[in-house]
Amino acid sequence: MMRWTIDRRTLATAALATLLAGCAVIPRGAERPTPVDPPPTPEPSATALPEDQTRHRVALLVPMSGSNGNVGQAIANATTMALLDTNAENLRITTYDTAQGPEAAARQAVAEGNSLILGPLLGSNIPSVLSVARSADVPVISFSNDTNAAGPNVFIMGHIPEQSIMRTVEYARERGAQNFAVIAPDGAYGVRAEEAMRRATGAYGGSVVWTERYSRGNTSIVSAAERLKAHGGYDTVLIADGARLSIQAAGALKSGGGSARLLGTELWSGESSLTRARAMNGALFSAVSDNRYKRFVDSYEARFGGQPYRIATLGYDAVLLTLRVARDWQVGRPFPVRKLRSSDGFLGLDGAFRFGPSGIVERAMEVREVRGDSVVVVANAPGGF
């Protein structure tokens with residue numbers, strides 16, 4: 001099992017890189033220049049972790065190799081940044097490679113005395129990690145958005161697509177939207193998007209009058225949009241996909257004078273192509289605030305010579321969260337899980353967030369509108385709960 005230890009001797013030389021994970025499609029950060037090669041990764045320690053009398057041991061379980069290795073490296077970089085930026089001296093974060101086996105990574109993390117697990121990244125890895133962590137009474141804060149995996153001592157920190165849809169529908173209803181239609185892909189993401197739309201109309205009013213599904217491809221979403229247009233009876237359409245396919249669907253819906261208001265999901269965040277498509281003008285979507293993200297990106301690039309993906313902020317915020325809880329956490333004692341359920345929540349790079357009774361994160365989101373050649377914030381994210 002490969003292991004990287006982050007302490008004061010290795011913080012300054014820790015360097016890693018970037019990519020993608022989660023439910024189905026993860027939004028990228030804002031488009032930026034092609035990254036240069038990152039500095040070399042430090043060699044894993046060949047010795048056991050030293051004894052800690054003044055620091056909490058926290059395990060970071062992410063893929064450091066394989067197809068998702070760049071994602072895990074980006075998250076690990078972000079945890080390093082958070083430790084440097086806060087001058088944290090009471091945490092030791094050790095990174096374990098889940099690509100070599102999530103259960104084995106968790107087993108080694110527990111054996112080496114870690115009292116908290118940050119990760120895993122993939123929802124499919126959570127059961128394997130839990131099989132070890134639960135018996136050792138070590139809580140897990142996962143970067144996944146798989147809400148089905150939440151439970152006792154399991155907290156889901158990833159960006160939840162349903163929350164983006166709920167926020168956008170609430171805003172659209174306040175502006176007169178009544179009859180909603182959905183264009184969603186086959187698979188888990190599409191199912192979640194449609195269910196979220198139905199819950200949103202149940203909460204805020206209106207009705208879902210029609211749904212069209214498609215398999216992801218060059219023309220399938222266009223055909224779905226044309227079928228929806230022929231059906232009619234709606235004034236607002238949710239397109240539950242990334243920017244490229246959403247633009248194709250919007251072109252079909254708006255051709256011939258179509259006037260329906262278009263809604264999107266958090267997958268649109270950071271996508272400048274939206275502003276170059278006339279059919280997207282007036283479209284709405286919700287996402288976490290980017291107010292702090294630009295500074296994070298600049299700092300990341302200065303330190304690691306590459307660009308982060310949007311999901312890397314989860315690693316940074318997980319450290320801030322741990323430090324907040326660590327104020328009242330005695331070294332050598334179990335992690336105080338009850339502190340994670342603070343109703344006041346926490347503040348991170350992605351804005352205000354808190355964990356509900358089920359362990360699923362609740363995030364404050366802003367509403368954005370595509371207006372010509374720009375995307376503007378039309379409703380600010382709440383500053384807290």
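Arg368 forms a salt bridge with Asp290, with 3.3 Å between the closest N and O atoms; a salt bridge is taken as a side-chain nitrogen of Lys or Arg within 4 Å of a carboxyl oxygen of Asp or Glu. This pair links distant parts of the chain, since Arg368 lies in strand β15 (residues 366–371) and Asp290 in the loop between β11 and α8, 78 residues apart. The model is predicted: local features require pLDDT of at least 70 and side-chain atom pairs count only at pLDDT 80 or more, whereas totals for chains, interfaces and linings use all residues. Residues are numbered from 1 along each chain as its sequence is written, and side-chain values use heavy atoms, with hydrogens and water left out.

Asp290 also forms a salt bridge with Arg310, where the closest N and O atoms are 2.9 Å apart. Here, too, distant parts of the chain are linked: Asp290 is in the loop between β11 (284–287) and α8 (293–304), and Arg310 is in the loop between α8 and α9 (313–326), 20 residues apart. Helices (H or I, at least four residues) and strands (E, at least two) are DSSP runs, numbered from the N terminus.

A further salt bridge joins Arg310 to Asp350, with the closest N and O atoms 2.7 Å apart. Asp350 occupies the loop between β12 (346–348) and β13 (351–355), and Arg310 the loop between α8 and α9; the two residues are 40 residues apart and the pair links distant parts of the chain. Asp290, Arg310, Asp350, Glu366 and Arg368 are linked in a network of salt bridges. By the rule stated above, the count comes to 16 salt bridges.

The accessibility of these residues was classed as buried (under 20% relative accessible area), exposed (over 50%) or partly exposed (in between), using a 1.4 Å probe and protein chains only. Arg310 is buried, at 4% relative accessible area, and Arg368 is buried at 5%. Asp350 is likewise buried, with a value of 1%. Asp290 has 27% relative accessibility and therefore counts as partly exposed.

Of its 385 residues, 55% count as buried. Among contacts (heavy atoms within 4.5 Å) with a separation of 6 or more, 71% are between residues 24 or more positions apart. The protein exposes about 15,700 Å², of which carbon and sulfur atoms supply 48%; accessible areas come from the Shrake-Rupley method with a 1.4 Å probe, and for residues only the protein chains shown count as cover.
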